Amino acid sequence: MAKIIVELTRYRGHKEHHVFTSRRLTIGRGYDNDIIIPDPYVSASHAVLSYGDGDTWHIEDTGSENGIFIGQGAKRCPKADIASGDEIVIGKTTLRVFYPSHPVEPAKRLIHPDRIFDKTGRQANGWILLFLTFCAYALSTYLESPKKVYAPQLLLSGIAAVVSIVMGAGVWAFIGHLIKNKSRFIHQISIFSVFFLSLLFINEAIGIIGYLFSSSFIVMTLSAIIMPSFISILLISNLYIATNISLRKRAIVSTAIGLCISIIVFLAYYANINEFSGMPEYFYKLKPPFIKVIPSKTTQQFLQKSNILFIPKI
């Protein structure tokens, strides 16, 4: 039995595939054809596609106005043998014919075996990153607190970070289950853990930069640029794992959300600026790491060392 697949490419690249088992197919704009092409440059009865000897297909012009072309830019030909995968240009419409035995590319995996995402899917890595995030936030609370903190407070800060990660990962895992029928919960745990750890170190770095430059504007600018960028990266990663959206669409959506966040941060900053201020604007917070690990000095030791600055020079 003769069988052929015809791929019809319409306006803006839209493709349609039709399967035929007849040994003779008529092509044209008329409604009595087997393959109807609504192209004003195609004749009512344009060409005939027929199955001949040697298990091959042939195409023949039936006296059309604009003829047929095999391949883009080829010369007009009255008839030709058609191999599987050949392009036939009729008017401004492109057809491709495929034999049933035509080879196809291997199927793409929904989760590509990238090195990074391959490691995020490992059970051990996901739970280790979650534990490190718990420890990092508990340690951050201890180092930043000006007063003595107790174990329940440290546990609470670490647990709050873990709960946020698990909730965020759970939402995206549910989305992945709906779209791909695969939750990828450990992937999401790893991604959110890395995001929370990065967020912690970025906040510390921005605080130190703000103190060195003594400017709230610099801190706001860095926050409005860096934070949305990291949120965009988080969204791109989650969309990559949980959905089948293309890279272009993921980048557009994530960038748009990041820009919206940046605009909101800038508007909030300028909305809170006083028109008249008697005090200069400066950044007054410094969160150096390991501040409680370095041995402290007594008040008397500090005064003795600082007296050097006030000794008049002779």
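**Helices H2 and H4 in a predicted model**

The crossing of H2 and H4 is left-handed in this predicted model.

Me: Which orientation do H2 and H4 have, roughly parallel or roughly antiparallel?
Reply: Helix H2 spans residues 123-144 and helix H4 spans residues 185-213. Their axes are 8 Å apart and pack at an angle of about 25°. Angles under 35 degrees count as roughly parallel. That makes the orientation of H2 to H4 roughly parallel.

Me: How many residues of the contact of H2 with H4 are nonpolar?
Reply: On the H2 side, the residues include Trp127, Leu130 and Tyr137. They meet H4 residues, among them Ile189, Phe196 and Leu200. The contact also has 7 polar and 2 charged residues. The nonpolar residues number 14.

Me: How are the ring planes of Tyr137 and Phe196 arranged, stacked or tilted?
Reply: The ring centres of Tyr137 and Phe196 are 6.2 Å apart. Their planes stand at 55°. Planes under 30 degrees apart count as stacked, and over 60 as edge-to-face.

Me: Is Tyr137 buried or exposed?
Reply: Buried means under 20% relative accessible area. Tyr137 has 17% relative accessibility.

Me: Which residues do ring pairs link into a cluster?
Reply: The structure holds 3 aromatic pairs. Ring pairs link a cluster of Tyr137, Phe195 and Phe196.

Technical notes: Residues numbered from 1 in each chain as written. Predicted model: local features only at pLDDT ≥ 70, side-chain atom pairs only at ≥ 80, totals over all residues. Heavy atoms only, no water. Axes fitted to C-alpha atoms, helices over the stretch in contact; angles between N-to-C directions. Helix = DSSP H or I, 4+ residues; strand = E, 2+ residues; numbered from the N terminus. Parallel < 35°, antiparallel > 145°, perpendicular 65-115°, else oblique. Left-handed = near helix turned anticlockwise from the far one by under 90°. Contact = heavy atoms within 4.5 Å. Nonpolar A, V, L, I, M, F, W, Y, C, P; charged D, E, K, R; others polar. Phe/Tyr/Trp six-rings, centres within 6.5 Å; stacked < 30°, edge-to-face > 60°. Buried < 20%, exposed > 50% of the residue type's maximum accessible area, 1.4 Å probe, protein only.
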